[in-house]
Structures are given as C-alpha cells and as structure tokens.
Amino acid sequence: MRNTATSPKLRLSGVTKSFVAPRTGQQTLAVAEMSLDVQTGEFICVVGPSGCGKSTVLNMIAGLDKPSGGTIEKDGQAITGPGADRGVMFQDYALMPWQTVEDNVGFGLRHGTPGRDLSKDQREQRIAHFIELVGLRGSERKYPHQLSGGMRQRVALARLLANGPDILLLDEPLGALDAQTRHILQAELLRIWGETAPVSERKTAIFITHDIEEAVLLADRVVVMSSHPGRVREVVTIDLPRPRANTARTNPRFGVLVEQIWSLIRDEAYRAIGGDTPQAKPTEEATA
Amino acid sequence: MKTWTQDTPAFALMRNMALPVLLGLLWQLWAMTLPEGSPAPAPLKVFESLGDLLVGGGLLSATAQSLGRVLLGFAAASVLGIALGLLMGSFAAMRENLDPIIESFRPIAPMAILPIAILWLGTGTPTALAIVAYASFFPVLVNTVHGVSRVDRKLLLAARTMGMSRLTILTRVVLPGALPSILLGSRLAMGVAWTAIIAAELAVGSKSGGGSSGGIGQMMFVFYAYNIDLNAIVVCMAVVGVVALLIDRLFRSAERHLIPWRP
Amino acid sequence: MTLPARSPVPGGPVASDPAQVRRRSWMLNRKLWVSLRAFGVFFLVWWLLHLWNGNPLQLPSPLKVFEALWGLLRDGEIASHASVSTLRMLVALALSITVAVPLGFLMGLSRRAEDLIDPLVEILRPISGIAWLPLALFIFGVGDTLPVFIMFYVGFFPILLNTIAGVRQTDPRLLAAARTMGVGRTALLVHVLVPSALPTVMVGIRLAFAASWAAIVAAELIGSPSGLGFAIEWYRQLLMTPKVFAFILAIGVVGYLCDLGLRALQHRMTPWAEGTGASS
C-alpha cells in the first residue's frame with residue numbers, strides 16, 4: 001500500500017529524449033537524464049533558455065511524445081499516451097476555430113472522456129460554471145477569431161479546467177499577452193489553482209515560462225533547466241508566503257530569488273541571442 | 001500514417017505503377033471476354049493503334065497542328081493580356097472602368113463563344129485560334145493585374161524620384177516585379193488553351209462534318225463518327241494527356257529559371 | 001470576483017458605427033454607377049460596331065438581342081434550358097463531392113492509400129474532360145448522362161486535390177489538444193479533421209463548379225438534345241443570332257448566380273475562414 005503523503009504525484013526517472021533527423025539520420029539529444037518528483041498540489045514552474053527542452057518534457061508528461069529512455073510515472077503508473085487526467089494548455093491556445101466559446105470549453109466534456117459519466121444537464125452546468133469562472137459570461141456564442149488574445153487565453157483555461165484533470169500542464173500560456181493582462185491572469189490562475197485553499201485541495205500544476213518573475217510569483221518550486229542537451233540545472237524552492245498575488249512582488253526576498261535564478265541561466269541566455277557573456281557587471285537586467 | 005519500409009527507386013516505381021498496371025490488366029482481360037468484332041477498346045489494341053497512327057497515321061502532324069494553334073492563340077492573348085494587365089494594374093481608373101466588363105465575361109466559357117466564332121470566322125483555323133485566344137486571355141490578364149498590385153510601392157516611388165518616365169517605369173520596374181504572377185498566369189493559360197483547342201476542334205469537327213479543321217480534336221471526332229475506331233480515340237486521349245503534362249512541366253521549369261529569386 | 005467580461009479590444013462582426021455604414025453604402029453606390037457607365041459604353045461600342053459591320057446575322061444590334069432575351073424569358077425557354085443545365089450541374093457536383101471527398105480524406109490520412117492511388121489520379125488528370133467526349137459519346141450516347149459524366153469528371157479533380165490539401169494542413173496542435181482531452185479516433189475525425197478541412201474543401205467545390213460550368217457548354221453543344229449549350233448551337237444553325245447571344249448571356253448570368261450561391265454557402269458553412277476564398 002502506498003503512503004500517499006510521500007509518494008509523488010508525478011515522477012520522472014532518468015528521462016531522456018533524442019530526435020533523429022529523418023533524412024540524415026543524425027541524432028540530437030534534446031533532453032538528457034532528467035529526474036524530478038512532483039508532489040500532489042504542487043505548483044512547479046520550469047524556466048530555461050530557448051532550446052532547453054522544456055516543451056519536449058511537457059509533451060512527454062502529457063503523453064504526446066514518448067521518452068527515448070527512462071520512465072515517467074503518474075500515481076505510480078507509467079504514462080502511455082495522452083489523457084484527460086493530464087490537461088494541457090498550449091502556447092497558441094489550440095482552440096477549434098469553427099466552434100464557439102461554449103463549444104470549445106465543452107469540447108472535452110462532449111467528445112472526450114471527462115464527460116462520460118455526466119448527464120447532459122450536468123455537462124452544461126459544468127461548462128457554464130467554468131465560463132463564468134474565467135469571466136467570459138456573455139461571450140459564449142463568439143468565435144475565437146472574434147476574441148482578443150486575453151479572451152482566447154481564458155477560453156483555453158476554462159476548457160482545461162472543465163475537463164477536470166488532476167495535473168495541469170501549461171506551456172507558456174501567458175507568453176503572447178501584454179504585461180497588464182498577464183498580471184491579471186497570473187492572479188486569476190493562482191486563485192483558480194487554489195492558492196487560498198489548503199494544499200490537499202490544490203491541483204498539481206507544471207507551468208513553463210521564460211519569465212523568471214512570473215515563475216517566482218507562481219511556483220512552489222522552480223526547475224531551472226539548461227540546454228544542449230536539456231537537463232535540470234537546479235531546483236529552487238520558493239519560500240514566499242501564500243497568498244502571493246498582491247504581496248509577493250514587494251517582498252525583498254522576491255528580487256533575491258529572481259536574481260538567483262537569473263544568474264543560473266544568464267550565460268546561456270546571452271549565448272542564445274548570439275552575444276558574448278559580459279563579465280561580472282554590477283547590475284543586470286532581470287528580464288529573461 | 002506509416003511509410004513504406006523500402007524506399008529504393010525500383011520499389012518506388014513498382015509501387016507507383018501498381019494500380020494503373022492492375023487496372024490495365026483487368027481492362028485487357030475484360031476486353032478479351034467480348035465477342036470478336038466488338039469495337040470496345042483494349043490495351044493491346046490501343047498500343048497497336050498507337051503504332052499505326054505514329055507511322056503514317058498522321059498522329060504527330062495532327063498534334064503539331066493543334067500545338068501550333070495553341071501557341072499562336074496563346075501568344076496573341078498574352079500580348080494583349082499582359083499589356084492590358086499592366087495598364088489596368090497601374091491605373092486605377094482603367095481598372096475600375098474595365099473591370100465590370102471583364103468580370104462579366106469571365107463566367108462565359110470559351111466554348112460558349114464558339115457558335116459566334118463560327119458565324120464570324122467559319123469552321124477553320126481562325127475559329128480555333130479565336131477560341132484559344134479567348135480562353136488564354138483571362139488567366140493572363142487577371143494574374144498580370146494581380147502581379148502589378150504586388151509590386152512594392154517603394155520601388156515605384158524610388159523610380160519616380162530618379163526621374164524615370166512612366167513608360168520606362170512600366171517596362172523596367174513594374175514588368176519584372178509582376179513577372180512571377182505573369183508566368184503563373186501564362187502557365188494556367190496554356191493549360192486552359194490546350195483544353196480549349198481540343199474542345200474547339202472536336203466541336204468544329206462535329207459541326208462541319210469532319211471538315212478542314214484538322215488537329216487532334218478533329219482526329220478524335222473522325223474516329224468517333226466516321227472511321228469508328230475507339231482504340232485510336234484512346235490513343236488520342238493519351239496524347240492529349242501527355243502533351244498537357246509536358247506543357248505544364250515546361251512552363252514550371254521556365255518559371256524556375258526566369259525567376260530564381262522566388263523560393 | 002470574476003474578470004471583466006469584455007476586453008477593450010475590437011472583435012465583433014460588422015461595425016455598427018454610423019459613419020462606417022454611410023461610407024460603405026456610398027462605396028457601393030459608386031461601384032454601381034461605374035459598372036452602369038462601363039456597360040453603357042460597352043453597349044454603345046457594340047451598337048456602333050453593328051452599324052459598321054452591316055450584317056445582322058453576324059453582329060446583331062444590342063437592342064435586338066435584348067428583344068430576343070426578353071422574348072425567351074417570357075415564353076420560359078431560357079428558364080427551361082437553364083433549369084435543365086443547372087440540374088445536371090447539381091447532380092454532377094453532388095456525385096463529384098460524394099466520390100472525391102471521402103477519397104480525399106483517405107488519401108490525406110493514409111500515406112499508403114495516397115501512394116497507391118495518386119499515380120492513377122496524376123495519369124488521368126491531364127486528360128481534360130473534353131477529351132473524353134468522343135469515348136463518352138460512344139458509351140452513353142446523346143442525352144442526359146453525357147453532360148453529367150463530363151462534369152463529374154471535370155469537377156472530381158479539384159475537389160479531390162483540395163480535400164487532400166485540407167486534411168494535410170490541419171493544425172497538428174488541434175489534434176494534440178483533442179487527444180489530451182481523451183477524444184477517441186472516430187471523434188477526432190468527425191469533430192476535428194472534418195471541420196478543419198472544410199474551408200479548403202469548399203474552395204475546391206467552387207473551383208470544381210467553375211470548371212464544370214465551362215465544360216457543360218461543350219458537352220451540351222455536342223452531345224445533348226437540351227440545355228443551354230445545346231440552345232446556342234441550335235439557334236446558330238437556325239441563324240437566329242440574337243437568340244444565340246441571348247443564351248450566351250444566360251450562360252454567363254446563371255454561372256455567376258450559382259457562384260454567388262456557392263459563395264454564400266461557403267460563408268455560412270465556414271464563417272471562421274474568411275480570406276481563403278478563391279474567385280472563380
């Protein structure tokens with residue numbers, strides 16, 4: 001019998017991923033020997049320079065891709081493919097352009113596994129509830145091309161939540177939004193995730209971002225990756241108190257943590273944009 | 001969505017030909033079950049017919065005749081189409097005024113013009129040329145206008161500031177800039193022209209009692225109505241297809257050579 | 001505790017701003033005026049040419065043509081020929097769609113199917129529908145089947161090619177998203193692939209219509225006892241040139257109207273795919 005208090009929700013053991021170029025047969029190691037334990041109710045952020053394999057890892061956890069080596073286990077069982085228990089929010093939202101907001105939010109409930117045991121009424125109720133939750137009531141009949149980026153984002157979030165997954169996988173979900181909308185949605189995300197609720201009621205979330213401040217704001221732990229090949233450099237525990245939405249940024253510890261993480265990837269980030277790494281400058285820009 | 005595991009050229013060729021060859025075999029077998037004097041076409045007889053028509057049957061000359069008409073009609077239509085297209089593309093007033101007329105004629109198929117062409121020009125080569133020219137005109141025109149619209153405005157401004165005359169700008173800046181679209185329009189026009197000539201020759205052949213129109217289309221009609229020979233018809237059909245393919249490939253490679261800067 | 005329901009970003013259907021509405025109607029009026037003027041000039045030139053030509057059998061006056069047109073409309077002859085042609089057109093289009101779309105999905109999804117069937121398609125495609133006329137005449141004889149067959153053949157290829165393209169360019173992210181919601185294979189096909197490919201398929205249908213409508217004239221001219229194509233040839237033989245012109249006009253108008261109808265259908269069925277329309 002497993003002791004559920006200590007066994008992780010998600011466990012990556014020695015996961016590697018290599019890609020083979022179809023014509024040349026050349027192998028590239030994208031992810032090397034990654035191991036990570038994620039506990040139930042944890043909010044994990046993954047940061048790292050471009051090309052460090054963050055999205056690849058997420059895809060493997062989602063079951064959209066298979067690891068070349070190592071195992072990924074959820075609740076002690078190996079992952080064999082995609083499923084509604086691991087919901088994904090994609091970078092470009094992946095909304096069905098031919099469906100209204102309501103249809104999109106209800107897509108999984110109506111055509112996939114989440115809604116299987118629900119009656120039609122229960123499904124409709126659920127859809128309405130999550131549309132309301134993300135603040136889109138009144139827009140149910142709109143099509144994605146009629147919505148702004150922020151609204152599309154919220155539709156994707158509502159869809160994700162409506163399917164009731166126990167692990168949330170979010171791939172740079174706020175990347176395409178302007179800073180103000182991003183701040184609003186970060187607060188919303190924390191609220192929906194259950195920041196004000198006890199740990200046992202929170203969902204498990206893995207959130208990819210290249211915005212270090214965002215990562216420090218949201219996460220319980222930040223996984224810092226480096227690239228070529230992708231691997232975990234360090235896992236930084238964020239000991240800021242919750243709820244954070246309105247208080248974290250003014251906490252002096254916030255800046256220290258951001259700087260700590262930035263210093264881990266600074267060199268690689270500079271290299272990624274083709275520049276030389278500066279030597280020991282007193283003040284640096286903290287943006288990734 | 002798996003791919004075949006073996007990818008050698010020989011295997012690829014076999015795989016490509018599998019279905020056509022199979023169908024050909026079935027066709028031949030079916031034809032062999034028919035009574036002796038049946039006019040139905042059969043693959044072996046078609047090949048025989050091909051041989052006959054090539055040697056002394058006039059296949060090559062008929063093809064050449066059709067092609068000649070296509071080229072002539074296409075050339076005439078292109079000159080007019082490109083010139084008009086350049087003007088219409090550059091001068092909004094012209095485009096505005098001519099557009100309604102041109103857009104009204106576009107849904108009228110080349111073949112619909114045929115009876116009028118026969119009334120005016122009789123049942124010989126001029127009629128065929130007229131149909132081909134009408135058919136080729138629109139793709140060339142439409143694509144030329146589109147090509148002009150895609151010329152970078154800044155290039156035009158730069159030319160004006162260098163004191164180039166309007167005519168020089170047209171020929172030295174606009175024309176090369178619109179060239180990709182013009183070539184595309186030409187390729188489409190040739191395809192349409194080839195179809196049109198066959199249709200015109202067929203129709204004229206059928207109306208003038210297998211008269212003097214000549215060409216592949218007329219040859220096909222003769223084999224339908226006079227010296228009934230379905231195998232020969234199939235040979236002609238194949239020739240139509242092969243020529244269409246060759247024209248298309250030729251124009252595509254011309255496109256690649258003339259505009260190497262285009263990806 | 002909910003977020004504001006509306007973002008301060010434009011994103012709705014037609015603007016209800018009165019200034020824009022006014023401008024739009026002014027532009028339409030202007031377009032109408034220019035068209036009328038262009039046609040006016042066209043008819044004037046036609047009439048002058050008619051006078052100069054002097055042979056009413058070759059180039060009748062525009063007035064005579066309109067007279068003929070009016071007469072034909074009144075006694076229903078245009079309507080009957082037009083409906084015959086249009087009916088054949090619809091039947092042929094329906095057949096093309098029924099055969100080409102499923103085949104297109106098969107070939108788009110399965111590399112094997114495509115490798116097998118594509119060579120045959122590529123061999124047949126350059127052989128224009130018109131080239132099939134003599135053989136088809138032999139098989140079907142003069143009548144209804146011939147035009148329908150030719151049109152089916154002509155319309156088949158654009159629809160097939162476009163369906164394959166539509167399936168191929170389905171955004172793989174959408175498929176991935178659906179799979180992460182536990183959507184099964186059948187539902188993936190019906191609820192993701194089909195709607196995703198639909199805009200491209202509709203474009204193919206419009207292209208098929210344009211090609212078929214051009215082919216119907218030839219088919220009816222040579223091989224049918226009725227229809228618009230037959231009519232123009234019939235009246236030519238009778239040397240009733242104004243009626244020939246009138247029917248040619250009818251061909252153009254019916255073709256244009258059908259395309260409008262298809263465009264409207266396209267808009268209704270795939271409202272999210274603006275800007276992918278092809279003008280026929």
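Q: In this predicted model, where do the domain bounds come from?
A: Domain bounds come from an automatic or database domain assignment. In the present case, chain C is divided into domain 1, covering 19-54, and domain 2, covering 57-269.

Q: What radius of gyration does chain C have, beside that of a compact globule of 280 residues?
A: The reference here is 2.2 Å times the number of residues to the power 0.38. Chain C has a radius of gyration of 24 Å, whereas a compact globule of 280 residues would be near 19 Å. The C-alpha trace of chain C spans about 80 × 60 × 30 Å along its principal axes. In secondary structure, chain C has 10 helices and zero strands. Of its 280 residues, 41% are buried.

Q: How does chain A read by the globule rule, and what is its radius of gyration?
A: Chain A has eight helices and 10 strands. Its radius of gyration is 19 Å, close to the 19 Å given by the globule rule for 288 residues, so chain A is as compact as a globular protein of that length. The C-alpha atoms of chain A fill a box of roughly 60 × 45 × 45 Å along the principal axes, and 44% of the 288 residues count as buried.

Q: How is an interface read, and how many residues of chain B are in contact with chain C?
A: The size of an interface is often given as the accessible area lost when the parts come together. Here the description rests on residue contacts: 44 residues of chain B are in contact with 44 residues of chain C. On the chain B side, α5(B) gives the most, with eight residues. By class, that side has 34 nonpolar, seven polar and three charged residues.

Q: Which elements of chain A give two or more residues to the side that touches chain C?
A: The contact takes 37 residues from chain A and 21 residues from chain C. The elements in question are β6 (86-89), α3 (107-111), α5 (149-162) and α6 (179-193) of chain A. The side of chain A that touches chain C has 18 nonpolar, 14 polar and five charged residues.

Q: How is a nonpolar core read, and which residues have the most contacts inside the largest one?
A: Such a core joins buried residues through C-beta atoms within 7 Å. The largest has 136 residues, and those with the most contacts inside it are Ile131(B), Val132(B), Ala193(B) and Ile150(C). Leaving aside residues up to four places away in sequence, Ile150(C) touches Gly129(C), Trp132(C), Leu133(C), Ala136(C), Ala215(C) and Ala219(C).

Q: How is the span of a helix judged, and how far does α10 of chain B reach?
A: The span is compared with that expected at 1.5 Å a residue. Helix α10 of chain B, residues 230-258, has 29 residues and reaches 42 Å from its first C-alpha to its last, close to the expected 42 Å. Buried residues in α10(B) include Leu230(B), Val240(B), Ala244(B) and Ile247(B).

Terms used: Residues are numbered from 1 along each chain as its sequence is written. Chains are lettered from A and ligands numbered from 1 in the order in which they are written. This is a predicted model: local features need pLDDT of at least 70, side-chain atom pairs count only at pLDDT 80 or more; totals for chains, interfaces and linings use all residues. Two residues are in contact if their C-beta atoms, placed from the backbone, lie within 7 Å. Helices (H or I, at least four residues) and strands (E, at least two) are DSSP runs, numbered from the N terminus. Ala, Val, Leu, Ile, Met, Phe, Trp, Tyr, Cys and Pro count as nonpolar, Asp, Glu, Lys and Arg as charged, and the others, Gly among them, as polar. A residue is buried if 20 or more other C-beta atoms lie within 10 Å of its own, exposed if 12 or fewer, and partly exposed in between; C-beta atoms are placed from the backbone. The expected span of a helix is 1.5 Å times one less than its number of residues.
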